[in-house]
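Subject: Handover of the two-chain model

Hello,

Here is the structure I promised to pass on. Please open it first, then read my notes below.

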Amino acid sequence: MYEHLETAENRDSLKRVVVDPVSRVEGHGKVTLLLDENNKVQQARLHIVEFRGFERFIQGRPYWELPVLVQRLCGICPVSHHLAAAKAIDQLVGVDPENLPVSADKLRRLLHFGQVMQSHALHFFHLSSPDLLFGFESDISKRSVIAVLAEYPEIGVQGVKLRKYGQEVIRMVSGKRIHGTGAIAGGMNKSLTKAERDYLLEDIDQMITWAEGSVALIKKVHCSNLPYYDDFATIRTNYLGLTKPDGALELYHGGIRAKNEHGEIIMDQVDYCQYNDYIHEEVRSWTYMKFPYLLSLGQENGWYRVGPLARVNNCDSIDTPLAEAARVEFKAHSGEAMVHSTLAFHWTRLIEVLHCAESIKELLNDPDIMGHDLVAQGEKRYEGIGVIEAPRGTLFHHYQVDENDIVTKANLIVSTTSNNMAMNESVRQVAAEYLSGRELTEPLLNNLEVAIRAYDPCLSCATHAVGKMPLQLELVDVDGKLIDKLVKHDDGQIERVNA
Amino acid sequence: MSKTITIDGKTIPFEDGQTIMDAAMAADVYIPHLCHQPEFTPHGSCKLCTVKVNGRNCSACTFPAMDGQDVLSETKELIDDRKKITQMLFVEGNHFCPSCEKTGNCQLQAVAYHLNMLDNHFPLFYPDRNVDASHAEVMIDHNRCIFCALCVRASQQTDGKNVFALSGRGIHKHLIVNAESGLLKDTDVDVNDQAVHICPTGAILVKRTGYQVPIGERIYDHQQIDQVALASEHPKHGK
């Protein structure tokens, strides 16, 4: 591992190289490298430099606003936040997942499959395919979806249309492609009309065919340069995600499963409402993003990866035939129990696109999505936890409300936050193995971004450590002499350090 | 011969006792307004219905129609003024349409669309206002109150109560409720009161009903506010 590159000694004497902003990701982040006189990397960090603070400002709002308010965290996966919050507020009105009306449950799943499909398609085709098709160090003019459309028009157009189809599913269920409504406490506010269902059915077979083609494409790209793809930014980690009770891939609702790097179960089918007993978060002073870890393994060894690679690694099967065949093929390529290649995120992402397309077809042919029993009611509760597999991984929403229905406390563990340690570790791996000792050029630095991009991070979703940031306040006189110093630790304790 | 006024050159008949707004609405001529509802005593506070009568600015909702009046309404100057007034209403409170449960059903938002308001223009005040969720079924979000006093009038004139009032002056004006504690739960408001349902923005809400109407079925999803107002407030076919 490369943790020794998190903080260098003698930092003042080192050269600083900054990649700012990291492009073709959601939100704002930067990478800093500190190099010695021989261009050897001494420190590499991914900093998340923006600040959102949703956890704080949703306090004081009525709980029914949550699904619509928190989805504004993101323009790419708003539906995931919408549904995680909806699952949490279901509990506030006393409705457990098994009591959600069948039609509402299936409509939410349909909505979520549309979301995962469009987000994955956006990430692969618009953001990452230029790296994969033209090479990581290709000329900067090639590194955009425009170049993909020019040189590989068929692939580019399929990507755009796959994403568009996912957006259309979202529009039909929630009224808008981005930031609609739909899920309300205890159910949904509308079902699909026959006309809406038929409209979506028109193109679904084409989408399945294109999704199959995209899996074949990434397999070809990956296997054509297998040692490189298996090694680049690769780190051996634990993996966490939801699975169905039988261990099959699950995106909307299931129990938490975690496996270690050898594929051994750390925990399985844990009720996500108990997440606080299993996962804690650490705060570090140089980033707004927290570092979650599995309590049983401790801070040092307990960090884990989430997202498509984690889900496909964790599950025992996929319940749609084409995606299952693709999963079996994917697992067979490495011969190991777990695939640790960071670039394999792309492969698994496209397997999930195929799974989504197949699942959408299944749901569109299910008359329940046109049902009218859409909302359930129960006894009011004061705490609600909703967990979902967002495109980028497991997403936790946890709320407490008072007797007046007002939110008093919120905790969000966003997928990208779970991948924070892993992204940093991958950045350090690339810095150490591919950049260290070389004359750094702009194309070479793109390697760092390729590593980060594989995780499909949503940096704007993930920055909420308000009030928990460790801070340091120094009072310095005109001659630069330190007069006084206050340090705020990550537990909120403030200490005066006498100069 | 019946008495008439002209609005933007169009001759419109009126009856004694009618305001310019009454006459206009009866003739299917829309003049933007927020604090006016035909069933309540005119308030004349939002100033959106400002028109020019014989060269002078007047509130159409309070100014009596008089024979031969030459009224200008849809002039560039007046439309610009109305847009500025609406922008000021937005910046004076905390209006976050994207997550507001009233979006799509909100008269303030609909008027802003009608006037083609594309930005706030003025700096936001970000006032520190609270939410009164103390009542079991009704909630006040003071962030969104524009002091139109429709709830005040509906409570007095329809519900036969006296739940709401405006207090303070100028920038310190605020909505209060009739209880020593200052909390809605200690008033005699009822969820079925008209005052609870009359708010043109999202300031007074029935709890736990937000977002139940899907996008596409909200009041202003398919119609602009002028069409909705003329249909619902017209003296012949209104409520």
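**Chain B: strands and domains**

In chain B, strand S1 (residues 3-7) and strand S2 (residues 10-14) run antiparallel and are joined by five bridges. Two strands count as paired if DSSP finds at least two bridges between them. Strands (E, at least two residues) and helices (H or I, at least four) are DSSP runs, numbered from the N terminus.

This is a predicted model: local features need pLDDT of at least 70, side-chain atom pairs count only at pLDDT 80 or more, and totals for chains, interfaces and linings use all residues. Residues are numbered from 1 along each chain as its sequence is written, while chains are lettered from A and ligands numbered from 1 in the order in which they are written.

Back to the hairpin. B:Thr4 faces B:Pro13 in S2(B). Two residues lie between the strands S1(B) and S2(B), and B:Asp8 has a positive phi near 50 degrees in this hairpin. S1(B) is also joined to strand S5 (residues 70-72) of chain B, by two bridges and in parallel. There, B:Thr6 has B:Asp70 as its bridge partner in S5(B).

Chain B has two domains: domain 1 (1-99 + 222-239) and domain 2 (100-221). The bounds come from an automatic or database domain assignment. Their C-alpha centres are 21 Å apart. In the contact, 32 residues of domain 1 of chain B meet 37 residues of domain 2 of chain B. Two residues are in contact if their C-beta atoms, placed from the backbone, lie within 7 Å.

Which elements give two or more residues to the domain 1 side? They are helix H2 (76-92) and helix H6 (225-233) of chain B. H2(B) gives the largest share of that side, ten residues. By class, the domain 1 side has 15 nonpolar, 13 polar and four charged residues. Here Ala, Val, Leu, Ile, Met, Phe, Trp, Tyr, Cys and Pro count as nonpolar, Asp, Glu, Lys and Arg as charged, and the others, Gly among them, as polar.

**Where the chains meet**

Chain A brings 18 residues to the contact and chain B brings 16. On the chain B side, eight are nonpolar, five polar and three charged.

**Chain A: sheets**

One open sheet has three strands in the order S1-S2-S3 (chain A), paired antiparallel. Strand S1 (15-19) and strand S3 (41-48) of chain A are at the edges with a single partner strand each, so one side of each has no neighbour in the sheet. Neighbouring strands of this sheet are turned by 15 degrees against each other on average, direction ignored. Five bridges pair S1(A) with strand S2 (residues 29-35) of chain A in the antiparallel sense. A:Arg16 has A:Leu34 as its bridge partner in S2(A). Helix H14 (residues 420-435) of chain A lies across S2 and S3 of chain A, at about 145 degrees to S3(A). Axes are lines fitted to C-alpha atoms, for helices over the stretch in contact, and angles run from 0 to 180 degrees between N-to-C directions.

Another open sheet has the order S12-S13-S14 (chain A), also with antiparallel pairing. Its edge strands are S12 (383-390) and S14 (407-413) of chain A. Six bridges join strand S13 (residues 393-401) of chain A to S14(A). A:Val401 has A:Val407 as its bridge partner in S14(A). Helix H3 (residues 78-92) of chain A lies across S12 and S13 of chain A, at about 150 degrees to S12(A).

**Chain A: helices and domains**

The axes of helix H7 (residues 194-224) of chain A and H12(A) come within 8 Å and cross at roughly 160 degrees. The two are therefore roughly antiparallel (angles under 35 degrees count as roughly parallel, over 145 as roughly antiparallel, 65 to 115 as roughly perpendicular and the rest as oblique). Their contact residues divide into 16 nonpolar, three polar and five charged.

Helix H4 (residues 102-134) and helix H12 (residues 344-364) of chain A have axes that come within 9 Å and cross at roughly 145 degrees.

Chain A is divided into domain 1 (54-423) and domain 2 (471-499). Their C-alpha centres lie 43 Å apart.

Best wishes
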